[in-house]
Amino acid sequence: MSKIRILIADDHSLVREGLTKILELEEDFEIIGQASNGYEAIEKIKELSPDVLLLDINMPVMGGIATLRKIKEEKLKIKTVMLTIHESREYLTETMELGALGYVLKDSDSQSLLKAVKDVYKGESYIQPKLAVDLVKEYNFNKAAKTRSRRANNELTKREYEVLSLIGEGLNNKKIAENLFISEKTVKNHVSSIFKKINVNDRTKAAIYAFKNNIKANY
């Protein structure tokens, strides 16, 4: 069986050496290179064609997230495990969206790191267990929110959709009435109905809703 060829990218040489010692305890792992920043990592990927990249998020010159974007832009074939001190869900979701398959905290035990490398090499995702629960909760929350938005959008009439789009553009009721050739009283009725359907209580929140849901009317 061929060994899993690994590139380590971290700006601290002691961390790189420590990771190398841990990983080389596995007979089927081979550390083929190290990089101290994202630029070096990109060059090493092109030069050495590693199977797995261990990538620190916080590095000078080019950090981990910028490196992931570059990898995605250049369509480099590499499977990535993020190494970080951050438990932030924002970091986690952003790196996953950019193509990382693994996310490991630096204070985790060596077995977690070894499993992450093996899983990612096989094309599977690995998320630090204590972060996985929070990620699933956030995913379910976002999914439910999107479902509510779609349902609300479907409930809006064509005229309400137009009114909401103009609220999103910052127009007041008088200007909306002029644009749509309807009375200001009719606009007020539409606005009241819209607020109920999208579950907001003021124009600012309605405008934010319109922006987030890309509501634009063609009239």
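## A loop residue, a helix face and a strand pair

With 63% relative accessibility, Ile 85 counts as exposed, because the cut-off for that label is over 50%. Keep in mind that you're looking at a predicted model. Here's a quick tour, starting with that isoleucine and then moving on to a helix and a pair of strands.

**Around Ile 85**
- Ile 85 sits in the loop that links strand S4 (79-84) and helix H4 (89-97).
- If you skip its neighbours within four places in sequence, Ile 85 is in contact with Leu 105 and Lys 106.
- Asp 107 is 22 residues away from Ile 85 along the chain, yet 7.3 Å separates their C-alpha atoms.

**Helix H3 and what follows**
- Helix H3 covers residues 64-73, and its buried residues include Gly 64, Ile 65, Thr 67, Leu 68 and Ile 71.
- Those five span an arc of only 155° around the axis, so they lie on the same side of H3.
- The general idea is that an α-helix has 3.6 residues a turn, so residues three or four places apart point the same way.
- Just past the end of H3, Lys 75 has a positive phi of about 55°.

**Strands S1 and S2**
- S1 (residues 4-9) pairs with S2 in the parallel sense, over six bridges.
- One of the partners to look for is Phe 29 in S2, which bridges to Ile 4.
- S2 (residues 29-35) is mostly covered, with five of its seven residues buried.

Technical notes:
Residues are numbered from 1 along each chain as its sequence is written. This is a predicted model: local features need pLDDT of at least 70, side-chain atom pairs count only at pLDDT 80 or more; totals for chains, interfaces and linings use all residues. Side-chain values use heavy atoms; hydrogens and water are left out. Buried means under 20% relative accessible area, exposed over 50%, partly exposed in between (1.4 Å probe, protein chains only). Helices (H or I, at least four residues) and strands (E, at least two) are DSSP runs, numbered from the N terminus. The arc is that of the directions from the helix axis to the C-beta atoms. Contact means heavy atoms within 4.5 Å. Two strands pair if DSSP finds at least two bridges between them.
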